[in-house]
Amino acid sequence: MQFALLVAAMVALLLSTFIGLTHIHSFFGLQSEELIDLVQDTNQKLLETIEIGGLQNDTITGTVNKIETKTNVSYFGAWQKSYVANQLHKKHFARTALFGSKKVEETPNLYLKNESSPLIVVGAARIEGSSYLPANGVRGGMIAGNYYQGSALVYGPIKTSKEELPELDSAWRTYLHFLTTKEVLQNDHVQRFLENQKHSFLEKEKLFYRSASITITGNLQGNCIIKSASSIVVSATAVLDDVLLIAPKIRFLSEFNGVVQAVATKEIVVAKNVKLNYPSSLVVLKEVVGQEASVHNGSQHTITVNTGAEIAGSVVFLKRKSKGAIYNRIQSDVMIAAGAEIIGEVYCEGNTELLGTVKGSLYTARFVADQYGSIYMNHIYNGKVLKNPIDDYSGLPFINSAKTICKWMY
């Protein structure tokens, strides 16, 4: 009798244990399914925000199928940033990504604004891919006895350009102007500049400010904005990943290697053998006031990319003209030295001096070549515009353009 009771008790215990395990397994199975659904829904909604495009002034909140969603689309440097956070019961999942214009078949390799003079190619210059050129087209030329060496003037189809460059989103220009004014300092998160910081893009950005010049030698990673009212110098020892720099003047010293976005109002200098990895950007938003002298100072450029430097991303020169201001049409604004390489885009609303190589797209109002003591307008001397090797390249915010993800952030 006692043995029978013992066996019954053991069977009851085993059955209860089995039922408990089945319940636990079912519970965690449902939990796993909910989490998977939450992750998939977050990714899908982020992709939808990219397809729709446009900025949101505030974080938008909504609830569908018991999932509470928060979305925000803003700018971070030269790219737009999409943030999506989902919550179901006590589960929470968020993602953020940078995105920009998608490279399509119509994307030009070279776009030269349609003014009176043709494009002149000289020496070892080479233009590949689709070219949008002035009505006067392209010709071979000579500088100091150096003739054009190519077998064709352009290696690809030629179309006629318009009197203005392809238009960038005006909201982005407004954002850049905002970054370079003191208004950005009204943010509650402004801190005294400190190095050795790492900050997630899933959280609000950290703003570091100093009125004096800043020299960066340490480690800064993630959603950090460093601003100086004077200048920023980035040393070769600095470790920078995905940070945003803002100052009137920004200089990268030789041998620096990192992922950086830089926005300046006066000057950006990239020294020899600097490597800025994708997605990096250099942007100067320069205000033109009064009348600039129509002279060429060969030692001064607004953006200078020196020999051996490599930039994967965007190099941009934009103008803000005050009423009545007259711009210097001779001085080069973007100078890409021989042996320098840009993989991505160059967009210049002024003059480009191209001695190095652009692999991707180059948009410019005009070219200048400062050679042998003379200034040659709309000449490319030995410079090259080649096809972009990055198939899924995500670029500048052109209006009415398809969008694609540049980088998933952390």
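Two rings of Phe, Tyr or Trp (for Trp, the six-membered ring) make an aromatic pair if their centres lie within 6.5 Å; planes under 30 degrees apart count as stacked, over 60 as edge-to-face, and the rest as tilted. By this rule there are 11 aromatic pairs here.

Before you click on anything, know that this is a predicted model, in which local features need pLDDT of at least 70, side-chain atom pairs count only at pLDDT 80 or more, and totals for chains, interfaces and linings use all residues. Residues are numbered from 1 along each chain as its sequence is written, and side-chain values use heavy atoms, with hydrogens and water left out.

**Stop 1: the whole chain**

Colour the chain by secondary structure. You are looking at two helices and 32 strands; helices (H or I, at least four residues) and strands (E, at least two) are DSSP runs, numbered from the N terminus. Of the 410 residues in the protein chain, 49% are buried, where buried means under 20% relative accessible area, exposed over 50%, and partly exposed in between (1.4 Å probe, protein chains only). Take the contacts (heavy atoms within 4.5 Å) with a separation of 6 or more: 52% of them are between residues 24 or more positions apart.

**Stop 2: Phe76 and Phe201**

Select Phe76 and Phe201 and show their side chains. This aromatic pair is edge-to-face, with 5.3 Å from centre to centre and 80° between the planes. Phe76 lies in strand E2 (residues 67-76), while Phe201 is in the loop between strand E14 (197-199) and strand E15 (206-210), so the pair ties together parts that are 125 residues apart in sequence.

**Stop 3: Tyr347 and Tyr363**

Now pick Tyr347 and Tyr363. Their pair is tilted: 5.7 Å centre to centre, with 45° between the planes. Tyr347 belongs to strand E26 (residues 341-354) and Tyr363 to strand E27 (residues 357-371), and the two are 16 residues apart. Both tyrosines are buried.

**Stop 4: charges over rings**

Which ring has the charged end of Arg95 over it? Select Trp408: the charged end of Arg95 is 4.1 Å from its ring centre. Next, show Arg126 and Tyr155, where the arginine lies over the ring face at 3.8 Å from the centre. For a charge to sit over a ring, NZ of Lys or CZ of Arg must be within 6 Å of the ring centre and within 35 degrees of the ring normal.

**Stop 5**

Strands pair if DSSP finds at least two bridges between them. Strand E6 (residues 119-122) pairs with E9 over three bridges; select Leu119, and you'll find its bridge partner in E9 is Val138.

**Stop 6: Val73**

Finish in strand E2, at Val73. This valine is buried, with 2% relative accessible area. Leaving aside neighbours within four places in sequence, its contacts include Thr49, Gly54, Leu55 and Phe99. Draw a distance from its C-alpha atom to that of Leu98, 25 residues apart along the chain, and you get 9.7 Å.
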